[in-house]
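I opened this structure for a first look and kept short notes as I went. The entries follow the order in which I looked things up.

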Amino acid sequence: LISDGIEERWEQDSLIETDKAWDAIHRCLTDGKLRYENGEYPLAFCILGGKQLYSGDDYVMSLKELKECADLAAALAELDENWLRKRYFAICSEDYGRDLTEEDFEYTLRRFSGLASFYRKAVDGIRSVIFTVDF
């Protein structure tokens, strides 16, 4: 029920698109792996963490409750480009499936940079967040 037509109902001013950078962002915010339950709270909840709303293997849909959004907004606000750079270049490129390049880092940084304000906006609007990605 939730997944049917979710993208068609997006409110453009209430979303952030991480595009393909979601993978690297999740790895940077956790232990470098692409798993659902890795890393530490609250950063591990940013992308794949949270309550899973879909159990198939063709896409991910995870819910971040209002309290989790508040914790994420605060934690993400503490992170900067240098922190992200260190975490990005520590990812195992073999596990990541591609080379760790300055170009890919810049792409990841651009998609990452709005996440703190996105989660803050969700909290201010008293909204939970649903993260979706298809494979």
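**Entry: Thr 30**

I started with Thr 30, which sits in the loop between helix 1 and strand 1. I am working from a predicted model. Is Thr 30 buried or exposed? I find Thr 30 buried, because its relative accessible area is 5% and the cut-off for buried is under 20%. Next I checked its side chain. The side chain of Thr 30 reaches the backbone oxygen of His 26, at 2.8 Å. I then looked for contacts beyond four places in sequence. Thr 30 touches Asn 38, Gly 39, Ala 44 and Arg 87.

I stayed in the loop between helix 1 and strand 1, where Pro 42 lies. I looked up its peptide bond. Tyr 41 and Pro 42 are joined by a cis peptide bond. I noted an omega of about 5 degrees there.

Strand 2 covers residues 59-64. Strand 1 pairs with strand 2 in the antiparallel sense, over two bridges.

**Entry: helix 2**

At 1.5 Å a residue, its 12 residues should span 16 Å. I read 17 Å between its end C-alpha atoms, so the two agree.

Then I listed the buried residues of helix 2. They are Glu 68, Cys 69, Leu 72, Ala 73, Ala 75 and Leu 76. What do the buried residues of helix 2 pack against? My list reads helix 1 (22-29), strand 2, helix 5 (102-112), helix 6 (115-124) and strand 3.

**Entry: aromatic pairs**

I looked for ring pairs. The structure holds eight aromatic pairs. One of them is Trp 22 with Phe 131. I noted 6.3 Å centre to centre and 55 degrees between the planes, and the pair is classed as tilted. I checked burial for both rings. Trp 22 counts as buried at 10% relative accessibility. Phe 131 is buried too, with a relative accessible area of 9%.

I moved on to Tyr 88 and Tyr 96. Their ring centres are 6.4 Å apart and their planes stand at 85 degrees, so this pair is edge-to-face. Both Tyr 88 and Tyr 96 are buried.

**Entry: positive phi**

I looked at backbone angles. Asp 19 is not a glycine, yet its phi is positive, about 50 degrees. I placed Asp 19 in the segment before helix 1. Asp 19 is partly exposed, because its relative accessible area is 42%.

Ile 126 is not a glycine and has a positive phi of about 55 degrees. I placed Ile 126 in the loop between helix 6 and strand 3. Buried or exposed, how does Ile 126 count? I find Ile 126 exposed, at 67% relative accessibility, and the cut-off for exposed is over 50%.

**Entry: Ser 14**

My last stop was Ser 14, in the segment before helix 1. Ser 14 counts as partly exposed at 28% relative accessibility. Which residues does Ser 14 contact, leaving aside neighbours within four places in sequence? I find Phe 118, Lys 121 and Arg 127. I compared sequence and space for Phe 118. Ser 14 and Phe 118 are 104 residues apart in sequence. Their C-alpha atoms are 7.9 Å apart in space.

Technical notes. Residues numbered from 1 in each chain as written. Predicted model: local features only at pLDDT ≥ 70, side-chain atom pairs only at ≥ 80, totals over all residues. Heavy atoms only, no water. Pairing = 2+ DSSP bridges. Helix = DSSP H or I, 4+ residues; strand = E, 2+ residues; numbered from the N terminus. Expected span 1.5 Å × (residues − 1). Buried < 20%, exposed > 50% of the residue type's maximum accessible area, 1.4 Å probe, protein only. Contact = heavy atoms within 4.5 Å. Phe/Tyr/Trp six-rings, centres within 6.5 Å; stacked < 30°, edge-to-face > 60°. Polar contact = N/O pair within 3.5 Å; in protein donor to acceptor, adjacent residues only side chain to side chain.
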